[in-house]
Amino acid sequence: MYAGHVGVALGAHGIRKAIPLWLLIIASQLPDWTDAAFCLAGVRTSPEGLLSHSIPAVAVLALIAALSYAILLRDPAGMLLVAIVVLSHVAGDYLTGLKPTWSGGPMIGLMLYRRPSIDFIFEAGVILAGWMLYRRSLPPERRSREPVFTLLGALLVIQAGADVVLSFTTGLRKC
Ligand SMILES: [Zn+2]
């Protein structure tokens with residue numbers, strides 16, 4: 001899942017405005033950043049993503065993110081939402097890609113990336129739902145301002161771009 005992750009972050013920010021959007025975007029992409037960090041460090045696993053996208057790895061990442069958030073921003077009530085946003089990452093990836101469950105366990109995923117047009121419809125739906133939650137959280141006089149719609153348009157364009165690339169390649173490289 002690509003821009004759909006940002007859609008989830010946007011929706012979570014709409015639910016709880018106290019959590020900064022930038023932080024939720026990082027949380028929503030945390031397994032991918034972890035993947036990129038391991039990749040840059042030259043750490044490779046078989047199957048790929050075992051240390052970033054498997055069930056135990058994501059559980060650890062969600063816990064680290066939630067605890068760091070609660071300690072740094074002193075908002076224990078928001079930590080559950082931060083954890084859910086991290087966990088949502090693999091839920092999305094299970095639909096769009098193929099991810100490891102645990103060491104020696106099966107790989108699961110619907111691989112929507114193989115059908116970029118269906119991937120676009122799915123991710124656009126996630127983006128739209130997240131954006132609507134975000135928009136609803138704005139004061140009524142700001143809801144119909146141009147930047148609010150530009151944000152939706154930009155996310156959809158980024159997703160469309162990713163799906164166009166996917167229709168020519170098998171995936172986007174992480175590092
Ligand atoms: Zn991922």
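Predicted model: local features only at pLDDT ≥ 70, side-chain atom pairs only at ≥ 80, totals over all residues.
I then checked D75. D75 counts as buried, at 11% relative accessibility.

I asked how the two side chains meet. They form a salt bridge, 2.7 Å from N to O. Side chains of opposite charge can pair when their charged atoms come close. I searched the whole structure for salt bridges and got 1. R16 sits in the loop between α1 and α2, and D75 in the loop between α3 and α4, so the pair ties together parts 59 residues apart in sequence.

**Nonpolar cores.** Next I looked inside. Which residues touch the most other members of the largest nonpolar core? I noted I19, L24, V82 and V86, out of 17 residues. The elements giving two or more residues to this core are α1 (3-15), α2, α3 (55-73) and α4 (79-96). Apart from this core lies another, of 10 residues, including A3, W131, Y134 and L152.

Leaving out residues up to four places away in sequence, L24 touches A9, A12, H13, I19 and V85.

**Surface patch.** Last, I turned to the outside. In soluble globular proteins, nonpolar side chains tend to be buried together. Here I found a nonpolar patch on the surface, formed by W22, I26 and W33. Together they have about 380 Å² of accessible area. I placed W33 in helix α2, residues 21-40. Is W33 buried or exposed? W33 counts as exposed, because its relative accessibility is 51% and the cut-off is over 50%.

Key:
Residues numbered from 1 in each chain as written. Heavy atoms only, no water. Patch = residues over 30% accessible without salt bridge, like charges linked within 9 Å, V, L, I, M, F, W, Y side chains within 5 Å. Areas by Shrake-Rupley, 256 points an atom, 1.4 Å probe, with all protein chains shown as cover. Salt bridge = Lys/Arg side-chain N within 4 Å of Asp/Glu carboxyl O. Helix = DSSP H or I, 4+ residues; strand = E, 2+ residues; numbered from the N terminus. Buried < 20%, exposed > 50% of the residue type's maximum accessible area, 1.4 Å probe, protein only. Core = buried A, V, L, I, M, F, W, Y, C linked by side-chain atoms within 4.5 Å. Contact = heavy atoms within 4.5 Å.
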